[in-house]
Amino acid sequence: MTIAEMTQLVGLNADGFSELLARRSGEPAWMRQAREAAWELYKTMPMPTRRDEEWRRVDLRSIRLSEIAPFAARSSGALPVAVKERITAGPASAAMVVQHNSEDAYIEVDPEIRRQGVTVCGLDEAVRLHPDLVRKYFGVIRPAAHNKFTALHYAFQSGGTFIRVPAGVRVDKPIRSMVYLDADGAGCFPHTLILLEKGASLNYFEERIGLDDGRRQNLASGVAEIHMDDGAQIRFMSLQEYNRDTFNFSSEKTIGQKDARVAWLTAELGGRLNKGFIDCDLTGPGGRCELLGLYYINGRQQSDVVTLLTHKAPHTEGNILFKGVCDDAARSCFRGRIVVQKEASQTQSFLADHTMLLSDKARSDSVPTLEIEANDVICKHAATVGEISAEELFYLLSRGIPEPVARKMIVLGFFEEVLKGVPAASLQKLVRRHLQAKFDVHDHDATMPGLSESDMESD
Amino acid sequence: MATLEIKDLHVSVEGKEIIRGLSLEVNKGEVHALMGPNGSGKSTLSFALAGHPKYTVTRGEARFKGGDLLALPPDERARAGLFLAFQYPAAVPGVTVGNFLRTAVNSHRANGSAPRALTGKEAEAGKNGGNQISAREFLKVLKENMRILNLQDDFAFRYLNDGFSGGEKKRVEILQMAVLKPELAILDETDSGLDIDAMKTVAEGVNRLVGPEMGALVITHYQRLLNYIKPQKVHVMMEGRIVTSGGPELVHELEAKGYDWIRQKFGIAATATAAAS
Ligand SMILES: Nc1ncnc2c1ncn2[C@@H]1O[C@H](COP(=O)(O)OP(=O)(O)O)[C@@H](O)[C@H]1O
Ligand SMILES: [Mg+2]
């Protein structure tokens, strides 16, 4: 970022907001009004504190909002090498949408899915090309008022991805969305809007990446809204690797109608702080939602995720499973919540979260809630917080495996239950690799001698 | 110098002395049976030799191939060639039998030196320059041994001992022994929970390996297994000591007369060992 840009656009404050509006002067009036309404809302909402239950475990006091730019241009015209590498490292895709800092940087769509009537583009482009659709669905299921950082998102939104899959069309290869943040001291506000018509099916994979040489704070606040008509299916996979100076807020919600199938998986590795809200409403009979998550944090990273699965119709099924590992002084909280409304009889829903602590200073809390208003329901929860099992460790040692390697195997093995839920084998490998890499950076001795799970599993 | 040489060993668990002056020598090529009632300290001895941190050696020594076994951490003991088939093997969810065992083999091959740090791509290509076993080569060895032990191929990809039946666990212990080729194996009640066919399979697995390259200390409290694995020497353990040793005929004597006969003969109170599991 040039000095001119920095001095021009700094501060998630009134000046910054005016600057952003000026930059976005070409936007339709309704969009501008939405930003202004969100900004007004943001100003009236108090900054969450430790006294607010859902924010009790995250420390927001050190965010310096006035030093974070509301918009960061791409740092260069060409795609950064790191982005190109990430594109090829990931699975072959039906479409690829890349955002570099606050701007759309690259898009590629398989002509085949175009022919089938699938729409994929950056959200900013969708505002221009599909204003009626965006206007109708944008901010509807996850409104600005959800929390202070959602309001901030709707005021400053730039970038994100828009996907619409028409009735009956299946997109099997993933549509990928990548946000690459290499600006230092920048805000990042991508919005994901996905519309799945009757019987449509989508595989979606998003990556949120931050270059790890920042000194100034970044702030990301992303929102995803997923509308699913009867019988629609989504496999949603998200990998978050923002840098250690990024305060990351995310707020995602899916509404699935009759017979909708949601398979969700979120993997959080990066960020200084992650505060996530993942909601799913099953509003029609036969709906099913599987919400999986994993996180691996160390140093002083914090993670606090709230999941809310609401059964609003009979014969719906849900499953929430989160697994996290905290090392060093990292701390986490997982608040899993399942609500079974009165109408939702003959529903079954399970909630489980398990955390492994690798150091004396790491901490984790689990706050499960089941609210059941219907009869004839099966609903259960389980939660554990533990350390590496001494017996498992001794078993591996007794076979000649050095201790750092043994510890690594057990920790990575702990995630496998969740990783198994990753839809595509190639994605599974990718996430596994990134988990390993994070472990290795932290503890170089732990590299397994010549062990590669990929060649084991491919036989 | 014997391969394994234990002299006047004393072991405590949680402050309580369990092994009280045990001496024993086992060589490569030999099979020794260690018999004794429940609670006499057989598993404690195995854990102490394998280096479990909960088991503290308070006196005596154990030498392995001439070196001080007790000075080594557990992984180095294993790499030196000592193997323990556990009475109750731990389950390690998320770690497949194949990956676990290949890592173990490569750890042995890396010979204790810190494994070279490989970056993702290098590691994947197997470009570790050393003598590490390739996935292909390893799978061949693994499958061969699984076939001999009547284990389906898919065990390679199942999580270690996770949801395995008692018999499967025991066979997977022997599988590990077969792949790691130790110089001295301690088999802690490898026969318990096995039906007769499974026991024969396991015994064949052991017999295949015993020879000039490997000795075995077979722990059991039934004579059953010893019909299939023939020991040259039999030791009877009570209250943390070997009270008597003999040839294979001792197995039959024990079978016929029971441990009480030994107790009477050596003046050991019956109460001391009765309650333990
Ligand atoms: N980890 C342990 N913690 C406490 N006591 C133990 C432990 N391991 C063994 N013991 C005790 O040591 C004694 C011998 O047990 P063990 O070695 O398992 O005997 P065996 O294998 O001959 O049946 C028993 O009294 C048992 O309760
Ligand atoms: Mg025992």
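In this predicted model, start with chain B, where the axes of helix α3 (residues 97–110) of chain B and helix α5 (residues 135–148) of chain B come within 11 Å. They cross at roughly 110 degrees. Angles of 65 to 115 degrees count as roughly perpendicular, so α3(B) and α5(B) are roughly perpendicular to each other. Their crossing is right-handed.

Which residues of α3(B) and α5(B) meet? From α3(B) come G98(B), L101(B), R102(B), V105(B) and R109(B). From α5(B) come A135(B), E137(B), F138(B) and L142(B). By class, five residues of this contact are nonpolar, one is polar and three are charged.

α3(B) has another partner, helix α6 (residues 166–180) of chain B. Here the axes lie 10 Å apart, and the packing angle is about 30 degrees. The crossing of α3(B) and α6(B) is right-handed. On the α3(B) side, the contact is made by V97(B), F100(B), L101(B), A104(B), V105(B) and H108(B). On the α6(B) side, L175(B), Q176(B), V179(B) and L180(B) take part. The class count for α3(B) with α6(B) is eight nonpolar, two polar and no charged.

Now turn to chain A. Helix α3 (residues 29–44) of chain A packs with helix α8 (residues 148–156) of chain A, their axes 7 Å apart. The angle is about 150 degrees. Over 145 degrees counts as roughly antiparallel, so α3(A) and α8(A) are roughly antiparallel to each other. This crossing is left-handed.

The α3(A) side of the contact consists of R35(A), A38(A), W39(A) and Y42(A). Facing them in α8(A) are K148(A), A151(A), L152(A), Y154(A), A155(A) and F156(A). Eight of these residues are nonpolar, none is polar and two are charged.

Step back to the domains of chain A. The domain assignment gives domain 1 (3–283) and domain 2 (388–459). Their centres, taken over C-alpha atoms, are separated by 31 Å. How many residues of each domain are in contact? Domain 1 of chain A brings 14 and domain 2 of chain A brings 12. Between them the domains bury about 1,100 Å². Carbon and sulfur atoms carry 77% of that area. On the domain 1 side, M237(A), L265(A) and L269(A) supply 43% of the area buried against domain 2, more than any other three residues.

Definitions and conventions:
Residues are numbered from 1 along each chain as its sequence is written. Chains are lettered from A and ligands numbered from 1 in the order in which they are written. This is a predicted model: local features need pLDDT of at least 70, side-chain atom pairs count only at pLDDT 80 or more; totals for chains, interfaces and linings use all residues. Side-chain values use heavy atoms; hydrogens and water are left out. Axes are lines fitted to C-alpha atoms, for helices over the stretch in contact, and angles run from 0 to 180 degrees between N-to-C directions. Helices (H or I, at least four residues) and strands (E, at least two) are DSSP runs, numbered from the N terminus. Angles under 35 degrees count as roughly parallel, over 145 as roughly antiparallel, 65 to 115 as roughly perpendicular and the rest as oblique. A crossing is left-handed if the near helix is turned anticlockwise from the far one by less than a right angle, and right-handed if clockwise. Contact means heavy atoms within 4.5 Å. Ala, Val, Leu, Ile, Met, Phe, Trp, Tyr, Cys and Pro count as nonpolar, Asp, Glu, Lys and Arg as charged, and the others, Gly among them, as polar. Domain bounds come from an automatic or database domain assignment. Buried area is the accessible area (1.4 Å probe) that two parts lose on being put together, summed over both.
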